[in-house]
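Here is a short briefing for a first look at this structure. Keep the sequence and the 3D view side by side as you read.

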Amino acid sequence: MSYFSELGLAEPILRALEAKGYTDPSPIQRKAIPALLEGRDLLGIAQTGTGKTAAFALPSLHRLAHDPKPRNNAGCRMLVLSPTRELAAQIADNMRGYAKFLNLSVQCVFGGVPVGKQARALERGTDILVATPGRLLDLIDQRALTLRHVEIFVLDEADQMMDLGFIVPLKRVAALLPKSRQSLFFSATMPQAIAELGKQFINNPVKVEVAPQATTAERVEQYATFINQAEKQALLTIKLREGLAPDAGDNAEHGAIDRALVFTRTKHGADRVVRHLTAAGIPAAAIHGNKSQGQRTAALGGFRQGTVRVLVATDIAARGIDVSGVSHVYNFEIPNVPEQYVHRIGRTARAGADGIAISYVAPDEKPYIRDIERLTRIKLDALALPEDFQKQAARLPAPSRKAPAQPQGSSKPRGQQARGGQRSDERRHDRPHGERPRHDAPHGERRGEHGSEDGGQRKRRFRSRAPKTVGAHKSAVRRAG
Ligand code: AMP
């Protein structure tokens with residue numbers, strides 16, 4: 001008997017959890033499941049890694065299975081909206097696992113792959129649909145999908161949805177949902193603008209908050225190296241080579257690298273880093289919106305399996321990705337939205353493990369680091385360049401000028417993207433260093449609206465972001481004064 005049975009979940013769900021090896025509910029599951037089983041709406045402040053998928057999936061599956069209904073053509077009973085394709089696929093996978101002893105179907109739709117097959121798969125309807133907003137609306141516009149039968153609606157990663165400019169699509173979805181339904185609204189942060197968005201979906205919700213972002217950040221050893229932009233690549237190559245070497249456990253400054261995630265701000269930046277690493281004999285793959293869905297899946301698969309131990313990613317492509325064993329996160333460029341930093345370093349130190357995050361800070365990025373330290377209330381430890389850095393850097397090979405070597409094959413040429421294949425989030429970041437707009441909208445038409453909302457949010461976020469608890473800090477992590 002597990003603690004899950006005490007929460008009142010049906011036997012086939014308990015069996016699936018047993019098969020997955022879950023024994024105890026995570027804090028968010030413990031708090032959310034009883035209220036959700038009663039049919040209450042929920043406002044959850046939690047980020048990926050807290051077990052929030054099971055927190056919304058398990059009680060929803062229980063309720064759907066408890067009240068079996070025939071499938072409606074092109075309809076679904078539960079709709080989960082996720083901001084990115086990878087997260088949507090991950091949620092659908094998890095839900096299939098939890099539903100494996102139930103007679104409930106799970107389908108997943110997202111952009112970047114042909115819409116026709118997805119439309120055909122929805123003809124007879126599905127019980128659970130996990131979707132990204134753009135493709136969801138495409139399918140609705142093609143009359144391949146109706147939201148008329150939705151009983152449970154989950155909006156995941158609301159703050160990220162907003163950052164991506166999905167506000168208008170979300171309002172459209174809100175108008176298409178039946179009035180009588182159960183709604184769950186999750187966000188890693190809850191500034192005023194997100195709370196306002198939430199009001200459109202949820203009604204008298206129970207509020208559940210776990211592991212505020214700043215607390216999560218405290219489990220990660222965090223360092224900053226102040227360095228010129230032009231020297232970052234050499235430093236990264238040197239440090240990765242050191243950490244990936246067989247004797248790294250004894251010799252590398254920050255221990256052996258199991259898996260490293262490197263964040264760049266632009267797609268081209270990610271390709272460039274991969275090109276340099278490959279030239280230096282370090283196998284690496286990039287994941288970003290210019291890659292086809294197949295390439296992205298393959299890159300992530302190789303990283304999960306450990307065949308490629310360095311994944312270079314743009315923020316959005318990496319959001320929500322649940323890969324265990326990410327020991328090091330390198331911020332090759334510093335995000336100008338401080339919350340993004342917390343999401344990045346949250347890729348390591350998952351499920352209670354510790355991790356190391358190292359930020360390479362160019363002179364013009366210093367203000368971003370100040371914002372980050374204010375948000376997390378953690379001061380990054382300064383890390384000096386290696387003594388013989390210039391000498392080591394001079395010995396590194398020059399990269400080939402060809403397309404980046406990808407273990408999964410080359411990326412599609414620009415301009416051949418399937419509609420929706422190139423992602424707005426990354427499109428907007430593809431500009432020279434120092435010219436970063438903080439936000440943008442996918443189709444360009446929502447900029448004014450979104451920009452002004454965020455401008456207001458940013459100040460408010462600082463005021464409301466004091467960490468609730470102060471965990472045991474690593475020696476390297478000091479509280480900012
Ligand atoms: P999520 O926040 O939903 O992305 O979940 C993070 C990770 O924790 C996923 O790999 C889940 O499979 C795992 N997980 C979720 N709930 C539990 C639990 N109660 N016990 C152990 N692992 C869990």
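Accessible areas come from the Shrake-Rupley method with a 1.4 Å probe. On that basis, the accessible surface of the protein chain is about 19,800 Å². Carbon and sulfur atoms account for 50% of that surface. The model is predicted.

**Overall build**

- The protein chain holds 21 helices and 16 strands.
- It has 481 residues, and 59% of them count as buried.
- Take the contacts between residues at least 6 apart in sequence: 78% of these join residues at least 24 apart.

**Helix 4**

- Helix 4 covers residues 52-66.
- Its 15 residues should span 21 Å at 1.5 Å a residue, and the end C-alpha atoms are 22 Å apart, so the two values agree.
- This helix is mostly covered, with 12 of its 15 residues buried.
- Among the buried residues are Phe56, Leu58, Pro59, Leu61 and Leu64.
- Lys52, Thr53, Ser60 and His62 are also buried in helix 4.

**Helix 12**

- Helix 12 runs over residues 232-244.
- Its 13 residues should span 18 Å at 1.5 Å a residue, and its end C-alpha atoms are 18 Å apart, which agrees.
- Helix 12 is mostly covered too: 11 of its 13 residues are buried.
- The buried residues include Leu235, Leu236, Ile238, Leu240 and Leu244.
- Lys232 and Lys239 are buried in helix 12 as well.

**Helix 14**

- Helix 14 takes in residues 267-279, 13 residues in total.
- From first C-alpha to last, helix 14 reaches 19 Å, close to the 18 Å expected at 1.5 Å a residue.
- Its buried residues are Lys267, Gly269, Ala270, Asp271, Val273, Val274 and Leu277.

**Where helix 5 meets helix 15**

- Two packed helices are described by the angle between their axes and the distance between the axes.
- The axes of helix 5 (residues 85-98) and helix 15 (residues 293-305) come within 11 Å.
- These axes cross at roughly 65 degrees, and the crossing is right-handed.
- Helix 5 contributes Arg85, Glu86 and Gln90 to the contact.
- Helix 15 contributes Gln293, Arg296, Leu300 and Arg304.
- By class, this contact has four charged, two polar and one nonpolar residue.

**Arginine 30**

- Arginine 30 sits in helix 3 (residues 27-37).
- Leaving aside residues up to four places away in sequence, arginine 30 touches Leu7, Asp24 and Pro25.
- Its C-alpha atom is separated by 9.9 Å from that of glutamate 6, which is 24 residues apart along the chain.

**Two arginines with positive phi**

- Arginine 143 has a positive phi of about 60 degrees although it is not a glycine.
- Arginine 143 lies in the loop between helix 7 (133-141) and strand 5 (152-155).
- Is arginine 143 buried or exposed? It counts as exposed because its relative accessibility is 75%, and the cut-off for exposed is over 50%.
- Arginine 377 has a phi near 60 degrees, again a positive value in a residue other than glycine.
- Arginine 377 lies in the loop between helix 18 (366-376) and strand 14 (378-379).
- At 39% relative accessibility, arginine 377 counts as partly exposed.

How values were computed: Residues are numbered from 1 along each chain as its sequence is written. This is a predicted model: local features need pLDDT of at least 70, side-chain atom pairs count only at pLDDT 80 or more; totals for chains, interfaces and linings use all residues. Side-chain values use heavy atoms; hydrogens and water are left out. Helices (H or I, at least four residues) and strands (E, at least two) are DSSP runs, numbered from the N terminus. The expected span of a helix is 1.5 Å times one less than its number of residues. Buried means under 20% relative accessible area, exposed over 50%, partly exposed in between (1.4 Å probe, protein chains only). Axes are lines fitted to C-alpha atoms, for helices over the stretch in contact, and angles run from 0 to 180 degrees between N-to-C directions. A crossing is left-handed if the near helix is turned anticlockwise from the far one by less than a right angle, and right-handed if clockwise. Contact means heavy atoms within 4.5 Å. Ala, Val, Leu, Ile, Met, Phe, Trp, Tyr, Cys and Pro count as nonpolar, Asp, Glu, Lys and Arg as charged, and the others, Gly among them, as polar.
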